[in-house]
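Biologist: Could you walk me through reading a helix pair and a metal site? I would like the general idea, then the case here.

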Amino acid sequence: MIEILNSSELVRARATGALVADVLYSLRDRVEVGTNLLDVDRWAQQMILEAGAVSCYVDYAPAFGNGPFGHYICTSVNDAVLHGLPHDYALADGDLLSLDLAVSLDGVVADSAISFTVGTTQRPEDAALVDATQRALQAGIAAAGPGAKVGDISHAIGRVLGDDGYRVNTQFGGHGVGSTMHQDPHISNDGRPGRGYKLRPGLLLALEPWVMLDTDELVTDADGWTLRSATGCRTAHSEHTVAITEDGAEIMTLPPADRG
Ligand code: MG
């Protein structure tokens, strides 16, 4: 299903997006060496519930997962890249942490992800991975607008990642957002320009380039949820929810420091 949001729904999408970004950046500020992933999950839960929002994750039980997710945020560390199940692990200096969060507020969902280094010791390859996903995300957003096709976004994202020498996995990618977290259209992180669904104002999309240092293959962790790089290499993920407007695309999940 593809939903086209009306103007009042877009106002609510902005509010949901601001909440998601506030939670993500608050967690980034709070996380330090020694922080347990279960604390990150608990802090996310507190902020989501205090805001009167509903978690999209707690009861999430897709065919590929291992029953309901049961947590409020995805915490993927180092070789884990997607759907990281919070567990009893204390973060170490230099860990590369990806946080992915989707909530519903007043009936509209927003979805965003950030990757960052814990502590003070950042590997150069980690910085490069995070930078590549951020630039790919910006390229995808720049390619999004009324009249553009989904393939234009995919191509823009894939070109940035490919030009940096990464192989792109197309099993998991972006998606439509609206009254629920996952809707059509699917937005692959690589593809051919000019192909696919034509974008229209009011369409809400989650764009989410993610990348692994030396492979495009995933393996599923024993927890049934966490997806890791098949080689154990480092990974990163950047995601924004954007709305297609009359003349481009508006980012709903801007960091607090970038909002007016
Ligand atoms: Mg997400």
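Modeller: Happy to! The crossing of α3 and α4 is right-handed. A crossing gets that label if the near helix is turned clockwise from the far one by less than a right angle, and left-handed if anticlockwise. Helices are DSSP runs (H or I, at least four residues; strands are E, at least two), numbered from the N terminus. This is a predicted model: local features need pLDDT of at least 70, side-chain atom pairs count only at pLDDT 80 or more, and totals for chains, interfaces and linings use all residues. Residues are numbered from 1 along each chain as its sequence is written, and side-chain values use heavy atoms, leaving out hydrogens and water.

Biologist: Which residues in α3 and α4 meet?

Modeller: Contact means heavy atoms within 4.5 Å. From α3, Ala132, Thr133, Arg135, Ala136, Ala139 and Gly140 meet Ile153, Ala156, Ile157, Val160 and Leu161 of α4.

Biologist: Now the metal: which residues coordinate the magnesium ion?

Modeller: Donors are N, O and S atoms within 2.8 Å of the metal (3.2 Å for Na, K and Ca); water is not among the atoms, so sites may look incomplete. Here Asp100 (OD), Asp111 (OD) and Glu239 (OE) coordinate the magnesium ion at 2.0 to 2.1 Å. Asp100 lies in strand β4 (residues 96-105) and Glu239 in the loop between β12 (235-237) and β13 (240-244), so this pair, 139 residues apart, links distant parts of the chain.

Biologist: Is Glu239 buried or exposed?

Modeller: Buried means under 20% relative accessible area, exposed over 50%, partly exposed in between (1.4 Å probe, protein chains only). Glu239 counts as buried because its relative accessibility is 1%, and Asp100, at 10%, counts as buried too.
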